[in-house]
Amino acid sequence: LLQAGKPYDELDIVGLALGENWAVANHFICSTLVVWAFQQANVPLLNPRFIPLDHITPRDVLLSPYALQLP
């Protein structure tokens, strides 16, 4: 429920397409929301030592070695 009411970050989507980090605080994109939800369930998809959790791309989620292990 902590993500309820947060606006979608259209600017960050444009930034992803251009290879830029235009993330806005307290906004989300789908990949950030997916990773957050899995973390809340104690099933991390990404290692924050290698990928900054404030700017996760859909590609990061798709290529996550942990996602491949899910049933």
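**A walk through a helical chain**

Of the 71 residues in the protein chain, 23% count as buried, where buried means under 20% relative accessible area, exposed means over 50%, and partly exposed lies in between, with a 1.4 Å probe and protein chains only. This is a predicted model, in which local features need pLDDT of at least 70 and side-chain atom pairs count only at pLDDT 80 or more, while totals for chains, interfaces and linings use all residues. Residues are numbered from 1 along each chain as its sequence is written, and side-chain values use heavy atoms, with hydrogens and water left out.

The protein chain has 3 helices and 0 strands, and along the sequence these follow the pattern α-α-α; helices (H or I, at least four residues) and strands (E, at least two) are DSSP runs, numbered from the N terminus. The C-alpha atoms fill a box of roughly 35 × 30 × 20 Å along the principal axes. For 71 residues a compact globule would have a radius of gyration near 11 Å, and the 12 Å of the protein chain agrees with this; the radius is taken over C-alpha atoms, and the globule rule is 2.2 Å times the number of residues to the power 0.38.

A look at contacts, meaning heavy atoms within 4.5 Å, shows how the chain meets itself. Among contacts in the protein chain with a separation of 6 or more, 33% are accounted for by residues 24 or more positions apart.

Helix α1 (residues 10-18) holds Leu11, which is partly exposed, with a relative accessible area of 45%. Leaving aside neighbours within four places in sequence, Leu11 is in contact with Trp22 and Val24, and from Leu11 to Ala23, 12 residues apart in sequence, the distance is 7.0 Å, C-alpha to C-alpha.

Helix α2 (residues 30-40) contains Ala37, a partly exposed residue with a relative accessible area of 38%. Ala37 and Pro65 are 28 residues apart in sequence, and 17 Å separates them in space, C-alpha to C-alpha.

In the loop between α2 and α3 (58-62) we find Asn42, which is exposed, with a relative accessible area of 69%. Most residues other than glycine have a negative phi. Phi of Asn42, however, is near 60°, a positive value in a residue other than glycine.

Helix α2 supplies the largest share of the lining, 5 residues.
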